[in-house]
Amino acid sequence: MILAPSLLAADFSRLGEQARGVEADADWLHVDVMDYHFVPNLTIGLPVVRSLRPATSLPLDCHLMIADPRRWAVDYAEAGARNVSFHVEACDDPVALAKDLRAAGALAGLAIDRDTPVEPYLPLLENFDTLLIMTIKAGFGGQEFLPHLLDKVRTARRHASSGHLSLRIEVDGGIADDTIAAAAEAGADAFVAGTAVFGADDPAEAVRRLRRHARDAQGSAPVTDIS
Ligand code: DX5
Ligand code: ZN
């Protein structure tokens, strides 16, 4: 199971310090890259990822909410990101980009926004390590979790199980104490949380609590091949 606090909800004037504050409890550090084109928001890009890489021992999970990811995604892999997810809505050849990311030494992630169905992309998943399913509309933190989007998680988990794919299914958006169990039961095994972690008085304790909720839920989930 992966718990990935999202820096989007952190204090941007002290990103290294905020990252180190969750190092002992988190698995990945989620970095939301937004370009003001694919989404209406603007956050951070390569220079910040390059500076963050030596500032924390946590693997970086870069979520690219950008137009034309084929132009940029491999640079994030080369900057040392462990996982690089790009949006299927922004890419005309997702499989080619997945291959490029893996060749650059990163895990390849396919991200699916709120209004995009997952079914057309199931045959592509054997080329990916991670499937990131948005549980909000991509672009901003602090939005309300949309439980009906977990149907996509169930569909993808069934597909992965029946095809024996070792696919990580990551949920992103509105993940908190009262929503993470539903996502885990649906078959997610990686959880991004921004507000619920960096908006808490004690971010490290917030990560530990989220993990407990997810573990409890996984224990009662019908799927068996999630780690
Ligand atoms: C939004 C980002 C999320 C964001 C989630 O587009 O992809 O990673 O940080 O924030 P919360 O956890 O506050 O919903
Ligand atoms: Zn994200």
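Select the shell around ligand 1, which by class holds nine nonpolar, 10 polar and two charged residues (Asp, Glu, Lys and Arg count as charged, and Gly is among the polar ones). The model is a predicted one, in which local features need pLDDT of at least 70 and side-chain atom pairs pLDDT 80 or more, whereas totals for chains, interfaces and linings use all residues. Residues are numbered from 1 along each chain as its sequence is written, ligands are numbered from 1 in the order in which they are written, and side-chain values use heavy atoms, without hydrogens and water.

Staying with the shell, 21 residues surround ligand 1, each with a heavy atom within 4 Å of it, and the closest are Ser6, Asp172, Gly174, Gly194 and Thr195. Among the strands (DSSP E runs of at least two residues), β2 (29-34), β3 (60-65) and β8 (190-193) each supply at least two shell residues, with β2 giving the most, three.

Next, display the polar contacts, pairs of N or O atoms within 3.5 Å. An oxygen atom of ligand 1 lies 2.7 Å from a side-chain N or O atom of Asp172, one is 3.3 Å from such an atom of His30, and a backbone N or O atom of Gly174 is 2.8 Å from a ligand oxygen. Of the 380 Å² of accessible area that ligand 1 has on its own, the protein covers 98% (Shrake-Rupley method, 1.4 Å probe).

Finally, select Phe86 and Phe128, whose ring centres are 5.9 Å apart and whose planes meet at 50 degrees, so the pair is tilted (centres within 6.5 Å; planes under 30 degrees apart count as stacked, over 60 as edge-to-face, the rest as tilted).

Note on methods: A polar contact is a pair of N or O atoms within 3.5 Å; within protein, one must be able to donate a hydrogen and the other to accept it, and residues adjacent in sequence count only if both atoms are side-chain atoms. Helices (H or I, at least four residues) and strands (E, at least two) are DSSP runs, numbered from the N terminus. Rings of Phe, Tyr and Trp (its six-membered ring) pair if their centres lie within 6.5 Å; planes under 30 degrees apart count as stacked, over 60 as edge-to-face and the rest as tilted.
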